[in-house]
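Welcome! Please take a look at the structure below before reading on.

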Amino acid sequence: MTYQALARKYRPQNFQEIVGQEHVVQALVNGLENNRLHHAFLFTGTRGVGKTTLARVLAKSLNCIDGITGTPCGVCAHCEEIKSGEFIDLIEVDAASRTGVDDTRALLENVHYAPSKGRYKIYLIDEVHMFSKSSFNALLKTLEEPPEHVKFLLATTEPDKLPITVLSRCLQFNLKRLTQKQIADHLVSLLEKEQVSFDEKAVSLIARVADGSMRDSLSLLDQSLAFGAGNVTYDEIRNMLGTVEHSHVTELMKMVAAGDHDGVVEKLEWLHEMSIDHVQVLEELCLLLHEVALIQQFNRVTGSAAFDSADLKYFAQQISAEQVQMYYQLVMLSLDQMRMAPNKKISFEMAIIRMLAFEIGPAGQPGSKKKPELSATETSTQTATVSVQAESSTQSVATNESVHSVSSTNSSKPESNAKPVIQAEQARPVLDFDGLTHDVWTAAFPKLPLKGMTREMARHFELLKNEAKTLTFAVDSQAQMYLSDKSKQVFEQILQAETQGYKVVYQLTDEVNSVAKAQALAAQAQQKQLAPHKDPVVSELQQQFGATVIENKFGTQ
Ligand SMILES: [Zn+2]
């Protein structure tokens, strides 16, 4: 049996099956039951919310052999033919493909003839806003003096493009965008009918991405069934859509909130290695902050299940409501700039640096006119703090993009006598092990294909000796806990692939000039360089809001 697209297979066949448009359905059913029906209907609303589906059900209701009804039988010849698109008195037109006046005339010239077999001759014109001016005029003439046996069902996503003369002759129904929950519930019911296994997070993600459109959600579900060979799992849908795993977004947020600079640097490197979509991560951060703000202000979650509710509650407790607003503002500002920025990575990193650099104090300073001035906190000696006039905080701040990179180790240069390490920025890094020194090793480290615990272990190494095809690594005895057999094995396998035949020897030592130490020093130097007052956004905040930067606490203590 051939596969039938879900949107087609489960297209609502009666008013009861239509999701989320109860206000329209009720009005139509009342009109049908009392036989008080207008001759022209206009269904408006965003794509995929059921405009033409509703119109087809209405066509059935008007032409069902059982009589005009709010509950067409669905099995009589007329209902069946309307369902299969073969009913001779339902004339469906896609205005997007018939915009000439001649076409419209041809369409309407038979309007005065009685229907062939049905009660009404029905013209269903989709995307009617695409008609040309002369086509509208031809339509208008018929709408002004409609024959008794004709009904016009018009559908459009852009009613504001219709002439007022046409609008005023139609009974307009505005279809709502569907909520995430309505879409998710519907998808779950279909998946249960189809007896397909699925996880709720996956369904929730599809419902969110569909952005109010049931049709989009169903085609995404179709795609994901094909992609996941009949299963619907979160990871597969995430891969299919190219969305970022939410746990990375929450981890990044935790590090930012905790002021964990080293963690942030590593996370940014990792996200970059994974070739993440920078815009998407910022958008996800916005979603996360929105959820946190909802908990803080209304003690409610959207139920989207996009993020772990324990994480959301943690943020709601750990980050002040003002700070959440500040983060949101900074991320939105950065998103705005990022769309124009030539280098998305730099722009993304600047966004995260801004989040690290700003801290907002408790509200309630006396003397401000409308809203309290937010001032420096007691702990201002630990982190950068900016005093901001909250009154103006919703103004947009136009800035030029800065060209700093947060990636501290990338910028540290190898010794002069060192050989070039990275062959190409984009290509897989290749180390020249012949004569490799610790400095070159340190500089190349971020590009090495090391992950997780193995990476963390190797960060605590110093390349002590490189002789006779043997690499001797000094291991910080403080970091012995990382030195597991498994991590060593993975490390050596990766090095074998890179080095083609070098041996690896470990030496536990107390004094180790490890990569981790070099990275920490470089990060400190970088932070000094990126002091908040050099940031264009800070300058702008200073000018516009009278913000003050409290010096001497950005990586200098
Ligand atoms: Zn019927």
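The report below goes from the whole chain to single residues.

## The model as a whole

This is a predicted model, in which local features need pLDDT of at least 70, side-chain atom pairs count only at pLDDT 80 or more, and totals for chains, interfaces and linings use all residues. Residues are numbered from 1 along each chain as its sequence is written. The score pLDDT is the predictor's confidence in each residue, from 0 to 100. Its mean over the chain is 78, and 80% of the residues reach 70 or more.

Two stretches call for some care. Over residues 362-415, pLDDT stays under 50, and the model has 124 contacts beyond four places in sequence for them; here two residues are in contact if their C-beta atoms, placed from the backbone, lie within 7 Å. Residues 417-429 also have pLDDT under 50, with 19 such contacts.

## Overall make-up

The chain's secondary structure comes to 23 helices and 10 strands. These are DSSP runs numbered from the N terminus: helices are H or I with at least four residues, strands E with at least two. Of the 557 residues, 36% are buried. A residue is buried if 20 or more other C-beta atoms lie within 10 Å of its own, exposed if 12 or fewer, and partly exposed in between, with C-beta atoms placed from the backbone. Among contacts with a separation of 6 or more, 72% come from residues 24 or more positions apart.

## Sheet and hairpin

Five strands form an open sheet: 5 strands in the order β2-β3-β4-β1-β5, paired in parallel. Because β2 (90-94) and β5 (171-174) stand at the edges with a single partner strand each, one side of each has no neighbour in the sheet. From one strand to the next, the twist averages 15 degrees; the angles run from 0 to 180 degrees between N-to-C directions, with axes being lines fitted to C-alpha atoms, for helices over the stretch in contact. Strands pair if DSSP finds at least two bridges between them. Within this sheet order, β1 (residues 40-44) and β4 (residues 150-156) pair over 5 bridges, and T44 stands opposite T156 in β4.

Elsewhere, β8 (residues 461-467) and β9 (residues 470-476) run antiparallel, joined by 6 bridges. F461 stands opposite V475 in β9. This hairpin has 2 residues between the strands, and A468 takes a positive phi near 45 degrees.

## Helix α8

What does a helix look like up close? Helix α8 (residues 180-194) has 15 residues and reaches 21 Å from its first C-alpha to its last, close to the 21 Å expected at 1.5 Å a residue; the expected span is 1.5 Å times one less than the number of residues. Its buried residues are Q180, I183, A184, H186 and L187. Seen down the axis of α8, they fall within an arc of 165 degrees, so they line one face of the helix; the arc is that of the directions from the helix axis to the C-beta atoms.

Those buried residues pack against α9 (200-209) and α10 (214-227). The face turned away from the buried side carries exposed S189, E192 and K193. After α8 comes Q195, with a positive phi near 55 degrees.

## Loop residues

Most residues other than glycine have a negative phi. N35, in the loop between α2 (22-33) and β1, has a positive phi near 50 degrees. N35 is exposed because 9 other C-beta atoms lie within 10 Å. E127, in the loop between β3 (121-126) and α6 (133-144), has a positive phi of about 50 degrees. With 21 C-beta neighbours inside 10 Å, E127 counts as buried.
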